[in-house]
Amino acid sequence: MSDNHNSAGGVPTTGHVWDDDLADLTNQPPKWWMLGLTASAIWVVVYFLMYPAIPFAVNGTFFKGIGLPGTGKWTAIKELAEDQKVLDDVRSKYENKLKGMTPAAILADKELSEYVIRSGKVLFGDNCAACHGQNGIGTIDKHGLFAPVLNDDDWLYGGTIDNIHETIAGGRQGMMTPHKDSLKPEQIDAVAKYVKALSEGKGDSEQAGKKVFMESDCTACHGPDARGMQAMGSANLTDRIWRFDGSPEGIKRTVTDGVNAGPDSRIAVMPSFKTAGKLSDTEIKKLAVYVYKFGGGVKDDVPAAAPAAR
Ligand code: HEC
Ligand code: HEC
């Protein structure tokens, strides 16, 4: 053992030696470190007193902390409310703008429409998805579509931003009269076959049914070309998109009993979200933009484009 083991540069060692050559000096830790240690020990006590940190019930209640100077006792609810306020401040900047804007103007503003789509998702989930399905994919019951698909470009009532806004605000009820009294069963049979053939692009193969279609009241609502009129939501009968059951039997039933026209008829009611006060004006605008942005929205200033050349 050399002297080295008992001191180094005048500092005594602890006397322990490892590996024949290594010894611990008895230096004090640096002053800054000692201060830090003392401060954190004091902080533990202060923290315990300020916050509700003692998890034992005394007299049936917990120690709530003495609170922070100036802000009172800390609670998780209070902290949530403060965070919420920060969020509301950010939102109110947008919300105030939305109040004075038309749905079309919101749609034209990139930043606002992005904001609106984010909050629209929640509104849609809460108010619309039960009938229209998540993301507007439609819901089906045994009669066919219970509520229409909203993420395609086939619209009963029109797909411009104003059409969609009007639908949500005012609601819609498809009115098709029943024909069980005005047409004979053979005529209904024939016209149903015609409509089915029409949807497959072979309308001319059903001349008897075509005659019924042209001579009864069908054209008054669906138009002579059977493409429907968006002003009254009469379905386009020339495509393969069916609002109700599109089988020959299903079509016969729609023609016989009508829509929203009595106990036997098909029910198709889109509730109004404005009159019932279910949603605010701003919420309805948000939803119009949200639904439009599913991808099927139709620009109103552009005339229907000619099909692209393929
Ligand atoms: C109780 C079920 C129900 C709820 C809830 C509902 N809808 Fe509808 N919606 C319908 C039905 C049914 C129709 C079709 C009406 C018809 O066939 O005439 C419809 C039609 C529509 C249309 C028109 C589609 C077209 O082709 O023109 C839009 C747009 C629409 N709904 C949006 C919404 C939005 C947005 C909400 C939520 C705020 C909503 N709906 C909530 C049942 C519902
Ligand atoms: C008073 C107007 C009116 C008359 C008349 C009328 N329809 Fe309709 N029809 C409608 C409306 C509106 C709808 C859409 C109902 C809905 O979706 O809410 C419809 C829907 C239909 C459907 C269902 C389409 C689908 O996609 O499922 C068929 C089929 C149909 N009509 C055939 C006829 C035939 C055939 C006649 C003549 C015998 C006729 N309609 C007469 C208004 C009318």
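The model is predicted, so local features need pLDDT of at least 70 and side-chain atom pairs pLDDT 80 or more, while totals for chains, interfaces and linings use all residues. Residues are numbered from 1 along each chain as written, chains are lettered from A and ligands numbered from 1 in written order, and side-chain values use heavy atoms, with hydrogens and water left out.

Here are the two sites, with donors being N, O and S atoms within 2.8 Å of the metal (3.2 Å for Na, K and Ca).

| Iron atom | Protein donors | Distance | Angles among six donor atoms |
|---|---|---|---|
| Ligand 2 | Met176 (SD), His222 (NE2) | 2.0 Å | 87 to 179 degrees |

His132 sits in helix H5 (129–132) and Met270 in strand E9 (269–270), so the pair ties together parts 138 residues apart in sequence. Helices are DSSP runs of at least four residues, strands of at least two. His132 is buried at 10% relative accessible area (buried is under 20%, with a 1.4 Å probe and protein chains only).

The iron site of ligand 2 is octahedral too. Met176 lies in the loop between strand E8 (172–173) and helix H7 (185–199), and His222 in helix H9 (218–222), 46 residues apart. Met176 and His222 are both buried.

As for the layout, the chain splits into domain 1 (1–71) and domain 2 (116–292), with bounds from an automatic or database assignment. Their C-alpha centres lie 76 Å apart.

Key. Buried < 20%, exposed > 50% of the residue type's maximum accessible area, 1.4 Å probe, protein only. Tetrahedral: all angles 85-135°; square planar, octahedral: opposite > 155°, others 65-115°.
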